[in-house]
Amino acid sequence: MTSAKSARRPHHWRRDLIELAALFTAVAVADAIANLIGHQPDGPYLLIASAVALTATAAFHTWWARKHSHAPPPSTAGTHDGDLSQPVDPSHPSVAAPGATAAGAPALPGEDTVLWRMRTTVRDAPGSLAALCIALARHRIDILTLQTHPLAQGTVDEFLLRAPAQLQVQQLSRAISAAGGSSTWIERADTHDLVDAPTRVLGLATRTALDAAELPLALRQLLGRCTIHSLPAVSVTGRATGGTAPVEGVLEETAMRLRDPSGGTITVERPYLPFTPTEFARARALVELDARLGPRVPRSEHVLTLPEGNEITVRRADSNDLAAARAMHDRCSEQTLRLRYHGPVRDADRYLDHLLSPRFGRTLTVQTASGRMVALGHLLWDGDETEVALLVEDDWQRRGIGSELLRRLVALAIEAGCESVYAVTQASNTGMVAAMRALSLPLDYQIEEGTLVITARLDATPVRSLPPYEQAGH
């Protein structure tokens with residue numbers, strides 16, 4: 001920080017000496033002129049006129065000197081020197097244009113504003129960042145946070161902005177382009193984005209450490225809108241997929257491939273914007289953390305009482321529950337399995353091993369008081385979409401277990417920030433249709449050759465608090 005003392009302008013003694021010499025010279029010249037014309041008939045009038053002119057000139061010089069003696073120093077901002085997580089004020093002299101007008105003022109008090117996330121690429125040269133800040137200030141846009149991602153050529157600047165609500169995204173894009181930005185990407189943000197980058201990364205690391213199923217979600221929240229696919233080393237049919245990645249991972253413009261600690265490959269794609277080396281390093285660090293911690297699933301339980309008085313326990317399930325899930329499959333009728341898997345079930349062990357893996361989603365199981373598994377509910381990460389699926393043992397159907405599982409799965413999807421969930425079933429599966437309708441959410445229906453796809457649109461604002469069954473056990 002610059003102190004007030006060091007900010008004072010230096011005293012120029014040479015300029016004072018020159019002005020003093022000029023003053024003595026002027027006095028001498030004035031005395032000579034007075035002696036020359038003072039004895040003439042119009043001498044007194046000429047002396048008075050000269051005095052008035054001299055006074056006016058002195059007053060003008062004093063006004064001009066005072067006006068320009070306190071001008072701010074030239075702007076020196078605009079170089080990229082690392083990540084900046086502190087708020088940046090575009091009206092500060094270091095980034096504001098000299099002579100900026102009221103158009104560069106921040107949003108007016110009480111004015112409706114919206115939050116935007118913006119990323120643009122600029123030349124890594126002095127003044128490039130200042131040009132962007134000036135363009136934003138002219139539209140009354142506040143810069144809340146700023147991060148820089150150095151590249152081999154140029155620099156990617158990522159902003160969190162608060163802009164007037166009436167400002168159109170097209171206007172913002174044109175302003176950034178005129179200021180030297182290229183490959184600009186803009187999307188709406190929410191209040192959760194106000195958390196600075198280091199805090200957000202630490203929060204994602206904590207969630208990943210507590211639950212192996214969080215890794216795909218953490219990568220999605222870390223990298224923004226992207227598509228994540230987990231390709232296992234062996235398919236559900238037992239064949240090798242051939243999907244492998246080196247330990248250090250691979251970065252290819254708009255795609256990155258990371259080695260999955262549980263086997264196979266995690267592929268992250270973002271067609272609209274290339275990944276930066278900084279983003280790749282952060283993603284690889286999260287995967288390495290997951291690998292070091294090994295398999296882990298929260299073991300909290302939630303006990304419920306059914307309308308007829310029976311108690312059931314809802315908890316998270318994983319690959320350790322494979323034997324119990326296989327036994328439940330053996331007790332289910334062919335009709336129940338056909339409605340769940342849309343056809344005959346073969347190699348159930350492989351299918352269940354895939355469904356129970358935390359890498360591909362989250363699974364809830366329902367157990368009776370004796371510990372017998374009677375239902376499974378799956379929330380599956382399908383690229384940038386999310387699928388829900390239910391299987392309830394025949395003797396425990398029509399008791400509200402399916403609806404309870406579905407409600408909890410949807411709560412998990414909302415907590416994970418999903419925009420929608422979909423269920424694939426058959427048009428004759430009235431139980432699944434009724435359960436989806438009981439969610440009281442906007443639903444979309446698509447029917448093709450007897451297959452029914454029901455999509456529920458969730459609240460766009462993620463729910464950050466954990467539901468009861470994810471907290472301490474009861």
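So, to start: what percentage of the residues in the protein chain is buried? The answer is 41% of the 474 residues. Keep in mind that this is a predicted model.

On the overall layout, the protein chain has twelve helices and 16 strands. If you take the contacts with a separation of 6 or more, 66% of them are between residues 24 or more positions apart. As for surface, the chain exposes about 26,400 Å², and carbon and sulfur atoms supply 57% of that.

Now let's look at one helix pair. Helix H6, residues 214-223, packs with helix H7, residues 277-293, at an angle of about 165°, and their axes are 11 Å apart. An angle over 145 degrees counts as roughly antiparallel, so that's what H6 is to H7. The crossing is right-handed. On the H6 side, the contact uses Leu215, Ala218, Leu219, Leu222 and Leu223; H7 brings Glu279, Arg282, Ala283, Leu286, Val287 and Asp290. Sort those residues by type and you get eight nonpolar, three charged and no polar.

Last bit: backbone angles. Most residues other than glycine have a negative phi. Arginine 398 has a positive one, near 65°, and serine 440 has a positive phi too, near 60°. Where are they? Arginine 398 sits in the loop between strand E13 and helix H11, while serine 440 is in the loop between helix H12 and strand E15. Arginine 398 counts as exposed because its relative accessibility is 71%, and serine 440, at 66%, counts as exposed as well.

Okay, over to you.

Conventions
Residues numbered from 1 in each chain as written. Predicted model: local features only at pLDDT ≥ 70, side-chain atom pairs only at ≥ 80, totals over all residues. Heavy atoms only, no water. Axes fitted to C-alpha atoms, helices over the stretch in contact; angles between N-to-C directions. Helix = DSSP H or I, 4+ residues; strand = E, 2+ residues; numbered from the N terminus. Parallel < 35°, antiparallel > 145°, perpendicular 65-115°, else oblique. Left-handed = near helix turned anticlockwise from the far one by under 90°. Contact = heavy atoms within 4.5 Å. Nonpolar A, V, L, I, M, F, W, Y, C, P; charged D, E, K, R; others polar. Buried < 20%, exposed > 50% of the residue type's maximum accessible area, 1.4 Å probe, protein only. Areas by Shrake-Rupley, 256 points an atom, 1.4 Å probe, with all protein chains shown as cover.
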